[in-house]
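Please open the model in a viewer and follow the selections below in order.

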Amino acid sequence: MRRRRNARRLNSGFRWPAFATLYAFLLNAEPSGCSPEALSERYLDRKLNAAAEQRAEAMIAVLGVLKPQVYESGLERVYEEIDLPLAPVLARMETTGIRVDTQTLAAQGLVLSAQIEALAAKVYEAAGKPFNINSPQQLGKVLFEELGLPSPVKAGKGKAVSTAADVLEALAAAYPVAQLVLDYRQLTKLKGTYVDALPGLVNPKTGRVHTTFNQTGAATGRLSSSNPNLQNIPIRTEAGRLIRAAFVPEPGWNLVVADYSQIELRLLADMSGDPVLTDAFLRHEDIHTRTAAEVFHVSPLMVTPEMRRGAKAVNFGIVYGQTPFGLAQQLGIDRKEAELYIRRYFERYAGVRVFIDRTIEEVRRTGFASTLAGRRRPIPDMHSRNPAARSFAERTAINTPLQGTAADLMKLAMIRIDKRLRAERMQSRLLLQVHDELVLEAPPEETAVLSEMVKAEMEGVCVLKVPMVASSGVGANWRDAK
DNA sequence: CCTTATGACCGC
DNA sequence: AAACGCGGTCATAAGG
């Protein structure tokens, strides 16, 4: 169900994905299957009409079906200790909102407009005529038919030739127009999605932007954020970071940010019990450097930036269920080389290999991937006769316990932090959650103690075989709070 | 006119 | 057979 919220109305304390939805999501973490409409059809075998009282009545009936299942599955503690108490925390965060400096955005908009115009003019010059650069269809024609750039290998099958970033990046060195298009796309994305859109979402009563956090929006148990999505504010490029600088605290206050370090790889160490990975985290080593040293058989001191980059891609890839093809594409190396990296990784981290095999076997047997807390996501395609679908299911089976457990731990930390803020009568407030990061605002006299408290609560959220590590920072805006 | 699909790109 | 997990938003293009 998608309901556009009125951007001018403050989010109310009542959260629509209410009790039946939370129960359904615990048992079956499928975002599309947890709407009142889907629940009514599945558990009551009847369609839902628009009448509010009928919807409520139906959800009460669904509750009667699901509650015993939650108890039988041993999930009542997850419900009572995580999902239910999180709901009011999220409601408070939405109601509080975050302040956005629209003056800064307006100034950036003018600069961006000029840069975009200049880039477009150069693209038209290269093309010999103006056209709509935003239309992949028109752009593909211009680049690959009229200008005769070499089509990517995967072209064919009737569809339009892809003008995706990886394709254009491969052409950029030889054909400057490709780089121009990439730059044009980056800047128009920033302007359209953030610089132009955000000021319109500022609530005039509060002067702040109020997102909606969806508690049942991601199949792994992560939160999602919409209208606006404040979980994808740019950070990776300099132009993008200017937008992050427009997120500011209450005047005279500070922004406090805290983020987990390598939480998914730490969970991998804990779940697999791999001795080398565990050792690296117990010694507080740089995990990518350690992996490079293991994979390339050199001392950590001899690891070059290039080797570390490769090891970092392998570490990320493991969490995503990587293939040699994907790693090769990511690093710009050939598949044989990528296969070698992966083989060496599993030679050194043999416990991770065992964990992956054991996890796939268990998910195949039970049909569900589970988090440490017990949240279950159905993975039906483990037995599919379609090899692509089956491979996809197996990658999901590996990733879900890691990503989902990280989400559970962050939720628990948020509940505890919110509880302490209120118990200790602090003025500081939680504002945003970005999966492994929290953003808060604090008056000057509370800033230092809040920063330490948040870091401590995040690190102490549970005791695993390896330490949980979080870092916190303070700043006058989101970009500079590090 | 509104809705939906697609391709692209932003984040973790 | 596709090729690395999870999301949301924007612009275009096509359908009802």
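Which residues lie nearest the centre of the largest pocket? Select I235, R236, F316, Y320 and D436, which lie nearest the centre among the 40 residues of the lining. This is a predicted model, in which local features need pLDDT of at least 70 and side-chain atom pairs pLDDT 80 or more, while totals for chains, interfaces and linings use all residues. Residues are numbered from 1 along each chain as its sequence is written, chains are lettered from A and ligands numbered from 1 in the order in which they are written, and side-chain values use heavy atoms, without hydrogens and water.

The pocket has a volume of about 1,500 Å³, the space filled by probe spheres set on its grid points, joined across faces, edges and corners. (A pocket is an open set of points on a 1 Å grid over the protein atoms alone, where a 1.4 Å probe fits, with protein on both sides within 12 Å along at least five of seven lines; lining residues have an atom within 4 Å of a point.)

Next, colour α10 (238-244), β7 (254-260) and α14 (305-320), which are among the elements that each supply at least two residues of this lining. Helices here are DSSP runs of H or I with at least four residues, and strands are runs of E with at least two.

Now display DNA strand B, which 20 residues surround, each with a heavy atom within 4 Å of the strand. Helix α8 (residues 176-195) gives the most to this surface, with four residues.

A polar atom of T163 lies 2.6 Å from a phosphate oxygen of DNA strand B. In R222, a side-chain N or O atom is 2.8 Å from a base oxygen of DNA strand B.

Definitions and conventions:
Polar contact = N/O pair within 3.5 Å; in protein donor to acceptor, adjacent residues only side chain to side chain.
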